[in-house]
Amino acid sequence: MVREAEQSDLDAILELYLFLHEDSIPEKDEHLRDTWLQIIQDTNHHLIVNEVDGKIVSSCVCVIIPNLTRNIRPYAFIENVVTRKDYRGKGYASECLEFAREIAEKENCYKMMLLTGSKKPETLQFYEKCGYNSSDKTAFIQWLGIEK
């Protein structure tokens with residue numbers, strides 16, 4: 001079942017993010033709680049999860065960004081697309097991305113953007129199959145406060 005995350009999903013999402021690029025779950029302190037509440041309460045921040053048999057197995061984030069161009073239409077940014085290793089290849093992430101697309105369309109977005117750090121052909125083909133292309137724009141990243 002694809003849905004937006006609820007406040008009670010924090011632990012499951014943090015565990016899922018171990019399959020993304022995290023190597024540990026952050027300390028459950030005030031900063032984590034405040035950040036989580038900020039995410040859950042932000043009407044432009046959609047943390048989408050796919051739940052199978054009561055377990056969150058896949059997720060993505062869709063942020064709607066207000067915009068003054070394109071006839072004052074917002075755009076959507078997709079981030080943190082992840083599926084538990086043992087659930088990959090079953091369409092769960094595709095369902096999350098389709099849910100994000102529905103949100104973006106409902107919000108009258110004129111485009112959706114997604115960045116990936118993966119260079120794996122199968123990952124890039126997955127995003128292309130989901131309707132994204134890598135030919136329209138060039139992305140640049142500047143990392144702040146971390147060494148890359």
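Colleague: Is C96 buried or exposed, at 1% relative accessibility?
Modeller: This is a predicted model, where local features need pLDDT of at least 70, side-chain atom pairs count only at pLDDT 80 or more, and totals for chains, interfaces and linings use all residues. Residues are numbered from 1 along each chain as its sequence is written, and side-chain values use heavy atoms, without hydrogens and water. Buried means under 20% relative accessible area, exposed over 50%, partly exposed in between (1.4 Å probe, protein chains only). C96 has 1% relative accessibility, so C96 is buried.

Colleague: How many disulfides are there?
Modeller: A disulfide is a pair of cysteine sulfur atoms within 2.5 Å. For C96, the nearest cysteine sulfur is that of C60, 5.1 Å away. For C109, the nearest is that of C62, at 6.6 Å. The count is zero.

Colleague: Which residue caps the N-terminal end of α2?
Modeller: Helices (H or I, at least four residues) and strands (E, at least two) are DSSP runs, numbered from the N terminus. Helix α2 covers residues 30-41. A side-chain oxygen lies 3.2 Å from the backbone nitrogen of H31. That oxygen belongs to D29.

Colleague: How many bridges join β2 to β3?
Modeller: Two strands pair if DSSP finds at least two bridges between them. Strands β2 (residues 45-52) and β3 run antiparallel. V52 stands opposite K55 in β3. The bridges number eight.

Colleague: Which residue of β4 is the bridge partner of V61?
Modeller: β3 pairs with strand β4 (residues 75-83) in the antiparallel sense, over seven bridges. In β4, the partner of V61 is E79.

Terms used:
Expected span 1.5 Å × (residues − 1). Polar contact = N/O pair within 3.5 Å; in protein donor to acceptor, adjacent residues only side chain to side chain.
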